[in-house]
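Subject: Model handover

Hi,

Here is the structure I promised to pass on.

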Amino acid sequence: MSTWRRTSRILLTVLVTAALATGAAEAAPRSAPAAEAAPGAVVGTPVVRGPVAGTVPGDPSAPDVEDTHPWLSTSTDLAAAGYVEEEFLLSGEADGYSTTGELLASDVPYTTRVIVRRPADPGDFNGTVLTEWQNVSAGYDLDALWSPEQILRGGYAWVGVSAQRIGVEQLRGWSPARYGRLDVTGRGRFTADELSYDVFAQAARALRTREGAAPLGPLRAETVLAVGASQSAARMTVYYDHVLPRTGPVFDAYAHIVGPAPSRKGAEPVFHVLSETDVRTPERRADDDRYRRWEVAGTAHSGWHGQEYRRPLLDRDLGSAPTYACDRPAFSRVPLHHVIAAAYGHLVRWAERGVRPPTAPPLEFAPDGTKARDGLGLARGGIRLSQVQAPTALNTGDNSGETFCVLFGTHIPFDEGRLDRLYPSHAGYVSAIRRADTRNVLSGYLLPGDALRNFREAVGSGIGKH
């Protein structure tokens, strides 16, 4: 079968998938949207200023703001996709909370920033905003869930919120002219991120306004998702479990990625996506009508895709990207971001129409409490992308060594002899990729566009050729 005929079959799968997803999805009563939810303490709407002048290439140390640029400004060609990147300053008065939800202070002044990447034309906007709690585990703001191919293709707006002290302090030192007025500590009174929960919520409130310096410009947000990875997911868990019950809701749903998720069953649905690295016990919260958990075999907490995207940006903005000496070859190549992108679509339908996402099999555990593995060393169970189901390398969520190595997973390519035994022909390898991806698309774990990319990469590879 020719490459083009195979491509046509993949495209046909796209149409079949859309029909199946519409007809077979399990429906549940829709929860009340944020504007109609039970009242609590009112979340304030901050004053928005911007967009802040300055674009890449800029000089962070320049005394004039227009000569600087935003921290980790994307290298993605946004203009080619009909997108723009803009940065705004948000100022308001936030309440402070403990990690168990006690109100510690009220109306504490703050100023922070949000970075916005959105369609320029409202007609290209799908109506959903991915509002990311910027991760600060590395000591600076990190847009861990910025996945440009999937986000741009889907027509989402993405907004990164600087909610925590360590990220804001790094910004202030990196570019005093641009960020010197930022403060989320109440001038040093609250240094344990007590204000972060309300700052994050107020940023979402600002996204719903279209007056003045609106962060989304001419776009109208229909669905606002809170998304966070790792440490940010942990902060969002505190917010959902302990702060949200005391306040008025502003997010329509939550995506907790490679980190903790709420234990409370609330009105807003929660999607929990974990890499192989993050699944450490067979004990799990059960799925229900407000919670869904997916576990993805072969993936790492921090894998190759994000590392490769950020390396040139960190070279530019820090002088050099960090390097690591791990005990085994690092950074799983299994694309967790493909599954995350599929989860976003399900979460939107869940929030908007009450259509529950599909369930997924969990990763399997051996009797000794370790993750069960097959003869190739690959994890058993879980969502199995084609990179695991038709493998060309050992990709796992495990590693060890210095600093963050435990989070990077492993990638060890198979030697030529093993590849020849697994795939005696190129057509056989391509067929294995197509079968695995078709199953995942039909199951709702993979978007057709990512399946098509995998197919093209398989066709262009040398696997099975002698």
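This is a predicted model: local features need pLDDT of at least 70, side-chain atom pairs count only at pLDDT 80 or more; totals for chains, interfaces and linings use all residues.

Residues are numbered from 1 along each chain as its sequence is written, and side-chain values use heavy atoms, with hydrogens and water left out.

First, the record. An unreviewed UniProt entry carries the annotation "domain: Alpha/beta hydrolase" for residues 62-453 (UniProt positions are in the numbering used here, feature names are shortened, and annotations may be inferred rather than shown by experiment). Over residues 62-453 the chain is 29% helix and 20% strand, with the end C-alpha atoms 42 Å apart. Helices (H or I, at least four residues) and strands (E, at least two) are DSSP runs, numbered from the N terminus.

**The sheet**

There is an open sheet of 9 strands with mixed pairing, in the order β2-β3-β4-β6-β5-β7-β8-β9-β10. Two strands pair if DSSP finds at least two bridges between them. The edges are β2 and β10 (291-296); each has a single partner strand, so one side of each has no neighbour in the sheet. On average, neighbouring strands are turned by 20° against each other, direction ignored. For this and the other angles, axes are lines fitted to C-alpha atoms (for helices over the stretch in contact), and angles run from 0 to 180 degrees between N-to-C directions.

A few of the pairings:

- β2 (residues 47-49) and β3 (residues 83-97) run antiparallel and are joined by 3 bridges; valine 47 has serine 91 of β3 as its bridge partner.
- β3 and β4 (residues 103-119) also run antiparallel, with 14 bridges, and phenylalanine 88 stands opposite valine 114 in β4. The two strands form a hairpin with 5 residues between them, and glycine 101 in the turn has a positive phi of about 95°.
- β5 (residues 128-133) and β7 (residues 223-229) run parallel, joined by 5 bridges; here threonine 128 stands opposite threonine 223 in β7.

**Helix α5 and its surroundings**

Helix α5 (residues 196-207) lies across β2, β3, β4, β5, β6 (157-161) and β7, at about 135° to β3. Its axis and that of α6 (residues 231-243) come within 10 Å and cross at roughly 90°. That makes the two helices roughly perpendicular (65 to 115 degrees; under 35 is roughly parallel, over 145 roughly antiparallel, and the rest oblique). The contact (heavy atoms within 4.5 Å) is made by Ser196, Tyr197, Phe200 and Ala201 of α5 with Arg235, Met236, Val238, Tyr239 and Val243 of α6.

Leucine 216 is in the loop between α5 and β7. This leucine 216 is buried, at a relative accessible area of 1% (buried is under 20%, exposed over 50%, partly exposed in between, with a 1.4 Å probe and protein chains only). Not counting residues up to four places away in sequence, leucine 216 touches Val116, Arg118, Val129, Ala157, Val159, Leu207 and Ala221.

**Cores**

A nonpolar core here is a set of buried Ala, Val, Leu, Ile, Met, Phe, Trp, Tyr and Cys residues joined through side-chain atoms within 4.5 Å. The largest has 60 residues, of which Leu130, Ile257, Val273, Trp294, Tyr344 and Ile383 touch the most other members. Helix α8 (residues 336-353) supplies the largest share of this core, 9 residues. A second, separate core of 45 residues includes Tyr97, Ala201, Ala226 and Tyr291.

**Backbone spots to look at**

Two peptide bonds are cis: glycine 50 to proline 51, with omega near 5°, and valine 56 to proline 57, with omega near -5°. Proline 51 lies in the loop between β2 and β3, and proline 57 has its place in the loop between β2 and β3 too.

Which residues other than glycine have a positive phi? Arginine 187 has phi near 55° and sits in the loop between α4 (176-179) and α5, where it counts as exposed at 82% relative accessibility. Serine 230 has phi near 60°; its loop is the one between β7 and α6, and serine 230 is buried, with a relative accessible area of 19%.

Cheers
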